[in-house]
Amino acid sequence: MRRLLPLVARVALLTAACRIEMNIGADIHQDGSGVISAEIGLDEEAAGMMEQFGGEGDLFGENPLADLPDVETREEDRGGMHFRIWSAQVEDIDAVIQEQMVSGPDSFIEEFSLTIEPTRVEVVGRGSAGTLMEGAEDFLPADQLAESVAINLRLTLPGKILEHNADQKDGNTLTWAVPLIGSA
């Protein structure tokens, strides 16, 4: 994913109508196991531009989950975008997120902890596009960047959600939009 910025900058400079979306997600079970997923989606225009610049293969190949044992890869179209999705059943969601997504310099998850108790699940985290989008504001105004690129963290939690600071809630699934510039 670290080569995303130069490609995004080129694509966005050529057309404001293109869209790239990255999503990290986890369906967390009561015992801390679950399914972790990562996906990258491109609209038709972004895919065409990536192909023209020779970057689509690299963009799809640099997923932090690609090396997990028993990872499944699939593709699907939704909302006018084509997504490549990696998912894997894991025994310890917290450990995998720490090892695969928090520890890297290109990660947009800066901090993450998961505490599971018999009657309570607590998730604490902080994220930003960090070095992934470093220097993007030099190429694109923030509003154009936000129209072209989205990064989201989605967690489906066990039990009833009593409080949260997510940008969106759908049943037991919470979604945070990761800021492209700055942190949250």
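Helices are DSSP runs of H or I with at least four residues, numbered from the N terminus. The exercises below use a predicted model.

**Exercise 1.** Find which residues Ile93 is in contact with, leaving aside neighbours within four places in sequence.

*Solution.* 
Step 1. Contact requires heavy atoms within 4.5 Å.
Step 2. With that cut-off, the partners of Ile93 include Ala26, Asp27 and Ile28, then Gly32, Ser33, Gly34, Val35 and Ile36, and also Leu114.
Step 3. Compare sequence with space for His29: it lies 64 residues from Ile93 in sequence, while the C-alpha to C-alpha distance is 9.0 Å.
Step 4. Across the chain, 59% of contacts between residues at least 6 apart in sequence join residues at least 24 apart.

**Exercise 2.** Work out how strand β9 is joined to strands β7 and β8.

*Solution.* 
Step 1. Strand β7 (residues 149-156) runs antiparallel to β9 (residues 173-177), with five bridges between them. Leu153 has Trp176 in β9 as its bridge partner.
Step 2. Strand β8 (residues 168-170) is also antiparallel to β9, through three bridges. Here Asp170 stands opposite Thr173.
Step 3. Two residues separate β8 and β9, which form a hairpin. In the turn, Gly171 has a positive phi of about 65°.

Conventions. Residues are numbered from 1 along each chain as its sequence is written. This is a predicted model: local features need pLDDT of at least 70, side-chain atom pairs count only at pLDDT 80 or more; totals for chains, interfaces and linings use all residues. Side-chain values use heavy atoms; hydrogens and water are left out. Two strands pair if DSSP finds at least two bridges between them.
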